[in-house]
Amino acid sequence: MKLRVSVDAVDMPIVYSAVDSQYIDMKEQKVYLVNKSSAEYGDISLESYYMILDLKTSEVYARGRRDSTGKLVERPRFKDGDEEFEADELTYNFKTKRAIIRNIVTKEEEGFLHSDITKRHKDGALHVRGSKYTTCDADQPHFYVSLPRAKVIPNEKIVSGPAYLVLEDIPLPLILPFGYFPVQKEYASGILIPKYGEENNRGYFLKDLGYYFAINDYFDLKFTGDIYTNGTWRLTAGTNYRKRYKYNGNFSFNYANNVNGYKGLENYSKSSNYSVRWSHSQDSKAKPGTRFSASVNLSSAGFDRENSYNVNDHVNTTKQSSVSYSKRWAGSPFNFSASLNHSQNSSSGTVSLNLPKMNLSMSRIYPLKNLDTGGTTKWWQELQLQYSASLDNRINTTDEKMFSAEMFEDMRNGFQHEIPVSIPIRPFNNFSISPTLRYSGVMFTERTNKTWDPDYIDPATGDTTSKVITETEQGLFYGHAINPSISASYSPQIFGMFQFTNPESRLIAVRHVIKPSVSFSFVPALEGLSSDMYREVQSDASGTMSEYSIYENGIYRPPALSRKSGNLNFSLANIIEAKVKPKNDTTGAEKKVKIIDNLSMNSSYNLFADSLNWSPVSMVLRTRLFEELSLSARGNFDVYATDSLFRRINTSEWAVNRKPLRMTNFNLSMNFELNDLIKSFFGENKQKDKSGSSGTSPVVTGGQSEAGPGGMPDSGSPQGSGSDSDNGGRYDEYGYVNFNVPWTMRVAYNFYYTKTRDESVINQNVTMSGNLTLTKNFAITYSSGYDFRSKDITMTRIGIRRDLHCWEMSFNWIPTGYLKSWDFTIRVKASVLQDLKYERRKDYHDNY
C-alpha cells in the first residue's frame with residue numbers, strides 16, 4: 001500500500017505492508033502492522049515482525065517477537081544504502097533521519113560494536129551507551145573492550161571515554177583513559193606504535209617505532225627504528241608498490257649500529273651493518289617479449305647474525321641477487337638479455353659481482369631450407385647458423401670493500417662472440433656426424449708477458465735468485481680464430497623384458513632399458529687460422545720451456561687452443577621399470593613403477609694427451625623406493641694412482657694397489673616422508689576390535705581429530721557423551737578415544753666421503769622436520785638434526801600454534817646453539833587490535 005502524508009512530514013510516499021494485519025487509526029494517524037511488516041521510503045527500507053507508523057511525526061517504531069523458547073526472532077532489519085543492521089527495537093524518523101536503537105550489533109571493518117542504546121544522527125554518526133567493541137564474531141564474544149560511552153563516525157573512527165578490557169565476561173584491571181579505534185576502509189598515514197621491553201645484554205628497548213606514509217593506491221613508504229639503552233640502534237626504510245597488470249614489488253634498506261657488552265670490558269664490540277632487499281616482478285601481459293625482474297638480497301657479513309630473527313638467515317651462509325632484463329623480438333631469431341648479479345658468502349666474507357653481464361644471441365637458422373629442391377629436403381639444406389655475443393664485467397672482492405672505490409680496482413672485463421656453422425648428417429638411426437666451422441673472437445683488457453730472469457734480486461731479502469718475471473699490460477686486445485671441428489655420436493637404446501606368469505603375483509613384468517652412448521670430437525690446430533696468442537718461457541734453471549697464453553688472465557679463455565685436441569666420450573645409462581597390479585585392486589588395472597630412475601656412468605679419453613689420457617669415471621644412481629623413499633648417490637673414481645706427494649701419475653691404480661679404480665669422492669642422500677612410508681607398508685589404521693582392545697597400528701594419518709594432548713578432549717564436549725559423529729570423530733562406538741592424529745615427518749640423510757691426500761674425510765648428517773596436528777586448532781611443528789662428525793645436534797626448532805577463535809597463541813623454542821631463545825605470544829587475530837597481546841621472550845642476544 002502507498003500512503004502520502006503532509007508535506008511537512010515527508011517528501012515522498014511511504015510504502016508499507018504486512019502479512020497478518022494492517023490497522024489504520026485515523027484519529028491518532030497511526031498504522032499498525034503485524035507479521036513480516038515492511039516499510040520503504042526511497043532508499044530506506046525497514047523489515048520487522050511488529051511495526052507502528054506515526055503519520056503525524058513521520059516516525060516508525062519496530063520490534064521483533066519472542067518464540068516459544070524465549071528467543072527474540074524477526075528482529076528489525078534496517079537498510080539505508082550501504083548501511084545495514086539488525087536491532088531488538090528501533091524508532092526511526094523518516095524526515096530527520098534520526099533514530100533510537102536498542103541492542104544493535106554493527107560491523108566496523110574488522111570489528112563489531114555491540115550497543116545497548118544507540119542514537120543515530122542524520123549524517124550517520126552514532127552516539128552509543130553501554131557498548132562493547134570486539135573483533136570476535138561469536139554471538140557472545142570471548143573478549144571485548146567495554147565502552148560505557150562512545151561516538152562512532154562510520155568508515156573513519158570510534159572514539160570513547162574511559163574503557164576497560166573484559167575477557168570471558170571477567171573485567172580485567174586494564175583501564176584506558178580513552179579509546180580510539182580507526183575503522184577507515186582506505187589506507188591512511190600514521191604513527192607506528194613501538195614494542196618495548198628489556199634484554200640482559202642490550203638493555204631496555206623500543207622496537208619498530210616509526211611512521212607509515214599511505215602515499216597513493218600504488219605506493220607506500222614506511223620508516224621505522226629500534227633503539228637500545230646500550231647504544232645499539234637500527235633504521236629501516238621500506239616500501240611496497242603495485243600497479244595492476246603491470247608490475248609489483250617491495251624494497252627495504254636496513255642500517256644498524258650493533259653494540260655488544262660494556263665499554264671498557266673485554267667483551268665489548270661495536271660494528272655497523274647493512275641490508276638491502278628488493279623484489280620486483282613484471283606481469284607477463286604488460287609488455288609481451290620484454291621482461292624485467294629483480295631479486296636482491298645483499299647485506300654485510302654480520303647483519304644477519306646481529307639483527308635477524310629468521311632462522312634461515314643464520315643457517316644459510318650464501319646469498320645471491322639478480323636484476324635482469326630480457327628482450328625477444330617477435331618474428332626474429334634475436335634475443336637480448338642483461339643482468340646485474342651478486343653472490344656472497346657470509347662466513348668467508350667473499351663477494352662476486354657481475355656489473356653488468358649482457359648477452360645477444362641469434363637462435364639456430366637454416367639459410368638453405370628456403371631453396372626450392374622439388375619438394376624433397378636435401379642433406380645440405382640442414383646447414384645451421386647461429387650467433388652469440390657476451391659482455392661481462394666481473395668483480396671478486398670482500399665484504400669490507402663493498403661500495404668503495406677499492407672494490408673496482410679488481411674489476412675484470414671481457415667480450416666474446418661466436419659464429420658456428422654446422423651441418424648434421426644422419427646416415428642411419430641413432431648415429432650422427434656434424435662437421436662444424438666456428439669463428440670465435442675475444443676482446444681482452446689485459447695482456448701478459450713472461451720472461452726468465454736468472455739474476456733476479458729479491459727486494460725483501462736482497463738475495464739473488466732466478467725467477468719467471470710476469471709483466472702485465474693494460475689496454476684493448478683482440479684475439480680471434482677460425483676453428484674447424486668434427487664430431488660424431490652413436491646413441492642406441494636396448495630393451496629387455498621379463499614377464500611373470502604367476503597369476504597370484506602382483507608383479508606382472510620388469511623392463512630394462514640400456515642407453516649406451518659413444519661420441520667423438522676432433523679439433524685440429526691449423527696455422528694461419530688464428531691470431532698469435534701463445535708464447536714459450538723458460539721455467540727453471542735446467543732450461544725447461546713452458547707454454548702460456550698472453551691472455552691467461554682474461555675472463556674468457558683464448559678462442560683457439562695451442563695444439564690439436566680430440567676426445568672419445570663414453571656413457572652408459574640404465575632404467576629399470578616394473579608393471580604391477582595395484583594393491584587390493586580387482587579391476588585388472590596395471591600400474592608402472594620405476595625401480596631405478598637412472599644408473600649411469602661416464603668417462604672420456606683424450607687422444608692427444610701425453611699422459612693421463614683417461615678422465616675420472618663418474619657414476620650416478622637415482623631411484624625412488626616404495627614411491628616414498630628418494631635415494632640418490634654420486635661418486636667419482638680415478639683409474640690412475642698417485643705418487644708420494646699425492647699427485648696423479650701415469651700408472652694405473654691396478655698396477656700399484658691391485659684395485660681397478662680409486663675413489664676420490666662419494667655422496668649419498670636419502671629423503672622420505674616417514675608417515676607415507678609406514679602407510680605404504682602397513683596400510684590404513686586398523687580399527688579397534690569389539691573387545692575394546694586397540695589394534696596396533698604404526699600409522700596415525702587421516703581426518704583431523706578433536707582430541708587434545710594426551711588424548712584429553714578439547715573443551716566444549718564432555719567425554720563419552722553422544723555418538724562418534726556427535727563428538728566430531730573423537731570417540732569410537734565403544735567410548736575409546738580415537739588417536740587418529742594427522743602428522744608428518746620428513747627425514748633426510750646425507751653422507752659425504754672425500755679422499756684428500758692421505759686422509760679420508762667423512763661427513764654425515766640426518767635432519768628431520770614435520771608437524772603434529774593434535775586438534776584442528778592445535779598444531780606442533782619441529783625441525784632438528786644430528787651431525788655425526790661433530791657429534792652435535794644441529795639447529796633445532798619447536799613451534800606450537802593454538803587457534804583460540806578470535807585469538808591465537810604461539811610458542812617458539814630454539815633450545816641449542818648461539819640462537820638459543822624462546823618466545824611466547826597470545827594476540828588478537830584482527831590487525832585493528834594488533835597491539836592487544838601478551839608477549840614474553842628470551843632473546844638470543846642474551847647468550848653473548
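Start at Cys806, whose sulfur lies 3.5 Å from the closest cysteine sulfur, that of Cys136, and this is too far for a bond. Keep in mind as we go that the model is predicted. The cut-off that matters here is 2.5 Å between the two sulfur atoms, so the Cys136 sulfur, with that of Cys806 as its nearest at 3.5 Å, is in no disulfide. A disulfide is, after all, a covalent bond between the sulfur atoms of two cysteines. The structure as a whole holds 0 disulfides. Are these two cysteines buried or exposed? Cys136 counts as buried because its relative accessibility is 1%, and Cys806 is buried too, with a relative accessible area of 5%.

From the cysteines, let's turn to the nonpolar cores. The largest nonpolar core has 23 residues, and Leu53, Tyr92 and Phe94 touch the most other members. Which elements give two or more residues to this core? They are β2 (14-17), β4 (30-41), β5 (44-54), β6 (59-63), β10 (83-93) and β11 (99-108). There is also a second, separate core of 21 residues, which includes Leu147, Ile158, Ala163 and Leu836.

Across the model, the count comes to 25 aromatic pairs. One of them joins Phe522 and Phe608, and this pair is tilted because the planes meet at 50°, with the ring centres 5.8 Å apart. It links distant parts of the chain: Phe522 sits in strand β36 (residues 507-523), while Phe608 is in the loop between β40 (591-606) and β41 (617-625), 86 residues apart. Phe522 is partly exposed, at 25% relative accessibility, and Phe608 is partly exposed as well, with a relative accessible area of 29%.

The loop between β40 and β41 also holds Trp614, and this residue pairs with Phe570 of strand β39 (residues 565-580), so parts 44 residues apart in sequence are tied together. The centres of the Phe570 and Trp614 rings are 5.9 Å apart and their planes are at 35°, so this pair is tilted. Phe570 counts as partly exposed at 33% relative accessibility, and Trp614 counts as partly exposed at 35%.

Finally, look for lysines over rings. Lys132 lies over the face of Tyr144, 4.8 Å from the ring centre, and Lys207 lies over the face of Phe205, at 5.0 Å from the ring centre.

Conventions:
Residues numbered from 1 in each chain as written. Predicted model: local features only at pLDDT ≥ 70, side-chain atom pairs only at ≥ 80, totals over all residues. Heavy atoms only, no water. Phe/Tyr/Trp six-rings, centres within 6.5 Å; stacked < 30°, edge-to-face > 60°. Helix = DSSP H or I, 4+ residues; strand = E, 2+ residues; numbered from the N terminus. Buried < 20%, exposed > 50% of the residue type's maximum accessible area, 1.4 Å probe, protein only. Lys NZ or Arg CZ within 6 Å of the ring centre and 35° of its normal. Core = buried A, V, L, I, M, F, W, Y, C linked by side-chain atoms within 4.5 Å.
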